[in-house]
Amino acid sequence: MALAGCSAGPATAPKTTPSTAPVAATSPAVTPSAKPKPKPTPKPKPTPKPVALPVAPANAGALPQTQALPNTGDASWRNVVHDFWLAVTTGDPDYAKPAFFPVKAYEQVKAIADPAEDWQGRLWYDFTLDLAAVRPLIGKNAKLLRIDLPVQYAVWVPPGACYNNIGYWHVPGSRVVYEQGGVTRSFAIASFISWRGDWYLIHLGALTRAAAVGVVDDPELGPGVPGPPGGC
């Protein structure tokens, strides 16, 4: 008995179309540009601090006195004027220390119990008071014209006078002449004395005073008149 049926032919694989996977387009990496750094703001240069100028070597006060009469045409005198005016215009008395009579010289000059204490507690203290009294007269933008030191009134104060062990040259009534707002004005410096051929300020407003207050010696409109002679 014959079996009837369908016989399958050889299997045929289906045709496939090769697929191409999509490739993402790549672009070169972009590095963000760095922001420019801001330029630092330049710091303002500090204003140079004014400087006092030496009148004599630092050890001059410890050296022996001489009878040399100082003059007002040398660098020492110009430095005295510079330092004094710097103290006046700043209100700082320490600027005037090189122009003030040295404490070591005062210890040699005075025949008193404690010259150094007298220098500190009277001479220098009185100067600081007088400087504070002078400064309001000067105001802003005042210009120093000169200091008139009347050398015609210079006298040698000998040992034994005015409680002194040794002598010195003394000049009273110098005039500080300055200009303020186009107007010439002046005031006096009561006393300069010498040490080893240089002038030093020792009394600004007054030689003596009844109380611890500053004194302005003879303020005037115009240059004023130096002097009078006398004193020690």
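This is a predicted model: local features need pLDDT of at least 70, side-chain atom pairs count only at pLDDT 80 or more; totals for chains, interfaces and linings use all residues.

The chain has three helices and six strands, and from the N terminus on they come in the order α-α-α-β-β-β-β-β-β.

**The chain as a whole**
- Of the 232 residues in the chain, 35% are buried.
- Take the contacts with a separation of 6 or more: 71% of them are between residues 24 or more positions apart.

**The disulfide**
- The count here is one disulfide, and the partners are C162 and C232, with sulfur atoms 1.8 Å apart.
- That pair ties together distant parts of the chain, since the two cysteines are 70 residues apart. C162 lies in the loop between β2 (155–157) and β3 (168–180), while C232 sits in the segment after β6 (217–221).
- If the term is new to you, a disulfide is a covalent bond between the sulfur atoms of two cysteines.
- C162 has a relative accessibility of 26%, so it counts as partly exposed.

**The β4–β5 hairpin**
- Strands β4 (residues 183–195) and β5 run antiparallel and are joined by five bridges.
- Two residues separate β4 and β5 in this hairpin. In the turn, R196 has a positive phi of about 55°.
- Looking across from β5, you'll find S191 opposite H203.
- Strand β5 covers residues 198–203, and six of its six residues are buried.

**A closer look at D198**
- D198 belongs to strand β5, and it is buried yet has no salt bridge.
- How far away is the nearest side chain of opposite charge to D198? That side chain is R196, and the distance is 7.0 Å, whereas a salt bridge would need a nitrogen and a carboxyl oxygen within 4 Å.
- What D198 does have is a polar contact of 3.3 Å, made between its side chain and that of S76.
- Leaving aside residues up to four places away in sequence, D198 touches V55, A56, P70, D74, S76 and I193.

How values were computed:
Residues are numbered from 1 along each chain as its sequence is written. Side-chain values use heavy atoms; hydrogens and water are left out. A disulfide is a pair of cysteine sulfur atoms within 2.5 Å. Helices (H or I, at least four residues) and strands (E, at least two) are DSSP runs, numbered from the N terminus. Buried means under 20% relative accessible area, exposed over 50%, partly exposed in between (1.4 Å probe, protein chains only). Two strands pair if DSSP finds at least two bridges between them. Lys and Arg count as positive and Asp and Glu as negative; His and the chain ends are not counted. A polar contact is a pair of N or O atoms within 3.5 Å; within protein, one must be able to donate a hydrogen and the other to accept it, and residues adjacent in sequence count only if both atoms are side-chain atoms. Contact means heavy atoms within 4.5 Å.
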